[in-house]
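Please look over the structure shown below before reading the notes.

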Amino acid sequence: MLGKLFIIKFTHSVIFWWQALCLGYLLFAGITRTFNILVLIAIVSILINGLLLLLNNGRCPFTTLAEKQGAEKGSITDIFLPDCIARNIFRVSFPFFIGELILLAVRYFTGL
């Protein structure tokens with residue numbers, strides 16, 4: 001049987017890659033002026049993730065779960081990514097998401 005910590009890391013990694021895919025799709029949609037249900041799904045998915053972080057005081061719930069299963073407190077051990085990437089995800093992804101929303105809005109409302 002797989003360990004609980006492994007399952008938490010795996011699940012968190014899958015969610016991370018889903019969110020990365022959503023960010024990538026939003027950029028593609030903004031560049032190509034693609035407006036469909038997938039854009040809405042990507043935006044809502046990212047907003048739900050952000051809401052969960054906000055409700056948990058900026059801390060990912062998976063980190064808390066991982067620590068309860070024995071991961072070191074304060075370390076990013078709940079995802080299968082290099083530490084330097086895991087620590088900077090929010091610093092990069094939040095402004096990137098805002099920029100994509102601006103790009104989508106400009107492309108949608110101005111037709112540029």
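The model is predicted. Most residues other than glycine have a negative phi. Arg33 has a positive phi, near 55°, and Asn57 has one of about 60°.

**Loop between α1 and α2**
- Arg33 sits in the loop that joins α1 (4–32) to α2.
- Arg33 is not a glycine, yet its phi is positive.
- The relative accessible area of Arg33 is 35%, so this residue counts as partly exposed.

**Loop between α2 and α3**
- Asn57 is found in the loop between α2 and α3, and its phi is positive although it is not a glycine.
- Asn57 is exposed because its relative accessible area, 75%, is over 50%.
- Gly58 is in the loop that runs between α2 (37–55) and α3 (61–68).
- Gly58 has a relative accessible area of 52%, so Gly58 is exposed.
- Between Gly58 and Ser45 there are 17 Å in space, C-alpha to C-alpha, and the two are 13 residues apart in sequence.

**Helix α4**
- Helix α4 covers residues 83–110, which makes 28 residues.
- From first C-alpha to last, α4 reaches 41 Å, close to the 40 Å expected at 1.5 Å a residue.
- A kink of about 50° is centred on Ile89 in α4, and Ile89 is one of the buried residues of this helix.
- Other buried residues of α4 include Ala86, Ser93, Phe97 and Leu104.
- The buried residues of α4 pack against α1 and α2.
- Gly111 follows α4 and has a positive phi, near 75°.

How values were computed. Residues numbered from 1 in each chain as written. Predicted model: local features only at pLDDT ≥ 70, side-chain atom pairs only at ≥ 80, totals over all residues. Heavy atoms only, no water. Helix = DSSP H or I, 4+ residues; strand = E, 2+ residues; numbered from the N terminus. Buried < 20%, exposed > 50% of the residue type's maximum accessible area, 1.4 Å probe, protein only. Expected span 1.5 Å × (residues − 1). Bend = angle between axes of the 7 residues up to and from the residue. Contact = heavy atoms within 4.5 Å.
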